[in-house]
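Here is a short report for a first look at the model. Keep the sequence and the 3D view open while reading.

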Amino acid sequence: MALPGAWPTLSPTGGCYSRRPKAASGSNFLPVPKRFAHLPPPTRTVHICSCGPMIVGMLVLRAARRPARRFWSSRCVRTAQRGPRQSGLLGQTTGMPGADVDGSTNAKNVPFGMKISPSATLQNLLRHYPSGGQFFLEALQNAEDTDRATHFCALLDLSTHPIEQIRPQQSVWRRRLQGPAILFYDNGGFRDKDWKSLQQIYNSSKKHSPSEVGKYGMGSRSFFHIGDILQIVSGSKYAILDPDERLSENGEYGEKLDFLADTFDGQRFVDAFPDECSPFHGLGHTMQEALNGTIIRVPLRAQQWAAESSFMPEAFTLERASHIFEDFAKAFSGPMALFLCRVSRLELFVRKEKLLRVASLELRPEPALPGKELVKVKEFLKKFETVEQLQEQLRQGTPTPEVLDIVRMEKITSPTDDKGQDFEEEVKEAKEEVKEAKEEVERAKKEVKEAKASGRTKESEVGGSSSRWLRFGRFFSLEEVSSPPEEVPFVCLALPLDGPCEGLAFAHLPLSIKTGLPVHVHAGFALEDNRRGMWRHAEDTDGSHRSWADWNEHIIGKVVPEVYADALTYLAQHEVMADADVFGLWPRLEAEKDGFQVVNKQLVALLANRLVLRSAGCSKMPVAPQEACFLETHTTHLEQLRADLQNLCEKAGRKVVNPPQHVVELLVHYKAIEKFDCLDAVRDILRLGSEEMPQELLSQILLALLHWAGKSFNSTQLEVLAELLRKVEWVPTPSGHVTIDQAFDPVAPLPDLHVVQQG
């Protein structure tokens with residue numbers, strides 16, 4: 001019995017009710033909360049069930065005044081305070097909806113809620129998402145997110161597989177699945193959370209994770225551009241996602257079985273339905289044992305039944321699949337995998353009569369500073385379940401890893417291998433093809449090695465390419481961001497060590513955004529839903545979109561220039577590459593892109609006082625742009641004397657530098673360096689003593705200066721030059737160098753004038 005003046009304290013646990021801890025007095029009940037003090041005490045307790053020693057009960061109040069049955073919610077307060085309900089039709093007083101006059105209930109709870117159709121949802125998602133080769137990148141990021149996969153493959157299977165020995169249920173559509181398809185493989189394998197995530201259309205388990213790439217894309221949902229059904233094999237499980245319920249029962253939208261444990265008339269799945277297993281043989285899996293990894297197979301949506309699709313009634317033809325696959329193969333020479341931590345080997349295959357590897361890419365990290373590898377960032381992020389937790393720890397000053405490592409990307413683009421299972425009668429021919437292909441690869445590798453020795457990147461349509469990249473990055477402070485989105489505050493650059501590139505923006509994987517920079521930029525950008533762009537400031541940007549735009553503007557306008565400046569400073573002060581190659585990583589004014597000009601402006605402002613240039617004189621000392629000056633030579637004769645002029649100016653106290661023209665233009669445009677011409681240089685040089693300035697060299701300089709003056713000087717400049725020339729003994733004569741006044745004295749001997757004229 002309940003004691004007067006007390007309420008039982010109940011809470012939901014595991015679907016039943018359990019009593020909270022006892023009050024200090026030893027009673028099983030806690031004092032009545034003040035908000036319920038005006039209510040009469042309960043009359044009785046009805047016990048529903050028993051869970052061991054814990055008695056579970058439900059308090060039944062007087063019919064006229066009692067809280068709602070789900071009293072752990074806020075509804076109990078409102079119901080208790082407003083008293084009994086009045087029926088709208090009869091005006092009867094009832095304790096709760098559906099109650100009889102005496103308080104007993106006769107209502108039956110009927111499930112009621114919003115119904116979500118997978119096909120309708122997919123239709124909306126796919127309409128706003130790229131239909132090109134983006135799904136290859138989605139499959140790659142799924143592999144990366146397993147945190148176990150090191151190998152990724154994509155296969156364009158153009159063959160048609162047998163249809164006799166397949167499951168009889170919905171056999172028409174099962175036969176359609178035996179046609180051409182695109183397959184993705186990784187050696188990471190699915191775990192329980194991956195299977196659950198695959199079933200979520202909007203609420204991906206990766207959404208809040210700071211360490212997973214998939215939060216930036218649409219993952220397996222994008223595969224429905226290709227076909228209506230997904231087939232997944234991982235471990236010993238075989239599952240089908242079926243939004244239009246072509247194969248599954250009403251409301252299930254798919255099916256899943258264990259092809260090793262489940263039996264069919266006493267047979268294993270592979271023995272009972274071998275033809276249904278044959279499409280997975282192309283990547284070496286026969287379903288005779290558990291797969292160490294995951295294969296996702298997407299049969300192409302054929303023209304003849306494309307109209308039957310409720311969410312994408314558009315055929316994905318063989319021609320279209322081949323074209324997209326070729327484009328993706330070409331992209332292998334690009335930077336797509338630069339910011340991945342786990343996946344280090346990528347391969348593309350095509351299968352018709354036989355299986356051929358058409359391209360492969362390998363990432364090989366080179367020794368870096370201990371603890372500075374990119375993978376350390378992912379290991380750090382895995383400590384946090386959500387981005388919110390990460391950001392809170394960063395605000396508290398938690399130490400974060402930095403990135404400073406070098407990775408080599410090696411690509412092979414010619415067919416080199418044959419892993420098929422179904423051309424035993426062509427073994428001899430296949431071996432010959434493989435042998436020839438491998439010989440081509442060896443020749444290509446030799447060319448690549450020779451090219452690397454000369455500082456160039458070698459590429460060939462029938463061979464391969466190799467490139468080295470410096471990855472430089474760090475986390476950034478949140479102090480200047482008022483409302484950060486659910487993104488990781490991290491920026492990393494990839495700087496090519498073999499020559500500049502056409503820079504792209506990345507969110508782990510490349511975006512279709514060109515930055516105009518000669519480096520690639522990865523950051524935790526706030527992306528638009530279609531992953532084609534990022535949020536930027538615009539007149540109609542407001543609400544949360546405004547805060548996302550603020551975040552991206554902060555990254556681009558402040559953080560990227562800081563990381564970029566630190567990277568160029570590091571390269572200028574360490575012998576990672578030649579100075580000329582370092583200057584190739586400086587941005588060019590003519591390449592500026594809308595939205596990224598601010599990077600150049602802020603970058604130059606940061607570099608202005610850093611030792612990123614070198615003196616052009618003999619000392620080769622590091623110089624900051626603000627302290628340096630650049631000598632302009634306006635004629636061919638003066639340019640031929642540049643080295644001598646620079647050395648003499650350095651002796652005279654000037655810090656002369658001579659970087660490439662695009663660097664000079666950048667520094668001058670943003671007012672970070674001083675320019676001076678040869679007339680100013682001569683003024684400095686003439687202050688030197690005769691020991692530091694050979695007379696013969698001085699004569700050559702002044703004669704070249706006169707040549708320029710005759711073409712370009714105005715009257716003021718000519719007067720300045722004349723004044724300088726009158727004071728200097730530079731005119732050669734048989735008896736030595738004399739001033740111009742001495743050389744052209746009207747009473748001077750003719751031989752001396754003759755010498756001057758010859759000079």
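## Terms and overview

Two strands pair if DSSP finds at least two bridges between them. Helices (H or I, at least four residues) and strands (E, at least two) are DSSP runs, numbered from the N terminus. This is a predicted model, in which local features need pLDDT of at least 70, side-chain atom pairs count only at pLDDT 80 or more, and totals for chains, interfaces and linings use all residues. Residues are numbered from 1 along each chain as its sequence is written, and side-chain values use heavy atoms, with hydrogens and water left out.

The chain holds 22 helices and 31 strands. Of its 759 residues, 49% count as buried. Buried means under 20% relative accessible area, exposed over 50%, partly exposed in between (1.4 Å probe, protein chains only). Contact means heavy atoms within 4.5 Å. Among contacts between residues at least 6 apart in sequence, 66% join residues at least 24 apart.

## Two nonpolar cores

A nonpolar core is a set of buried Ala, Val, Leu, Ile, Met, Phe, Trp, Tyr and Cys residues joined through side-chain atoms within 4.5 Å. The largest one has 64 residues. Phe135, Phe152, Ile182, Phe184 and Leu346 touch the most other members. Helix H3 (residues 134-145) gives the most to this core, with 6 residues. Another core, of 60 residues, lies apart from it; Ala567, Leu571, Val664 and Leu667 are among its members.

What does Leu346 touch, beyond residues up to four places away in sequence? The list is Leu140, Phe152, Phe332, Met336, Ala337, Ala359, Ser360, Leu361 and Leu363.

## Around Ser360

Ser360 lies in strand E18 (residues 355-366). Ser360 is buried, with a relative accessible area of 8%. Leaving aside neighbours within four places in sequence, Ser360 is in contact with Phe332, Leu346, Glu347, Glu410, Lys411 and Ile412. Glu410 is 50 residues from Ser360 in sequence, yet their C-alpha atoms are 8.2 Å apart in space.

## A covered strand

All 7 of the 7 residues of strand E21 (residues 490-496) are buried. Phe490, Cys492, Ala494 and Pro496 point one way, while Val491, Leu493 and Leu495 point the other way. In a regular strand the side chains alternate between the two faces of the sheet. E21 pairs with strand E24 (residues 520-523) in the antiparallel sense, over 4 bridges. Cys492 stands opposite His522 in E24.

## A three-stranded sheet

An open sheet of 3 strands has the order E28-E27-E29, with parallel pairing. Its edge strands are E28 (656-657) and E29 (674-677), each pairing on one side only. Strand E27 (residues 629-632) is joined to E28 by 2 bridges. Phe630 stands opposite Val657 in E28.

Helix H16 (residues 642-651) lies across E27, E28 and E29, and runs at about 140° to E27. Axes are lines fitted to C-alpha atoms, for helices over the stretch in contact, and angles run from 0 to 180 degrees between N-to-C directions.

In helix H17 (residues 661-669), His662, Val663, Val664, Leu666 and Leu667 are buried. These buried residues pack against helix H13 (579-583), helix H14 (597-607), strand E25 (613-614) and E27. Lys671 follows H17 and has a positive phi, near 55°.

Helix H18 (residues 678-685) and helix H19 (residues 695-712) have axes that come within 11 Å and cross at roughly 150°. That makes H18 roughly antiparallel to H19. Angles under 35 degrees count as roughly parallel, over 145 as roughly antiparallel, 65 to 115 as roughly perpendicular and the rest as oblique. Cys678, Leu679, Val682 and Ile685 in H18 meet Leu698, Ile701, Leu702, Leu705 and Trp708 in H19. H18 is largely enclosed by the rest of the structure, because 6 of its 8 residues are buried. Its cover includes E27, helix H15 (636-640), H16, E29, H19 and helix H20 (715-727).

## H12 against H14

Helix H12 (residues 543-573) and H14 pack at an angle of about 50°, with their axes 8 Å apart. That makes H12 oblique to H14. On the H12 side, the contact includes Ile556, Gly557 and Val560; on the H14 side, it includes Val598, Val599 and Gln602.
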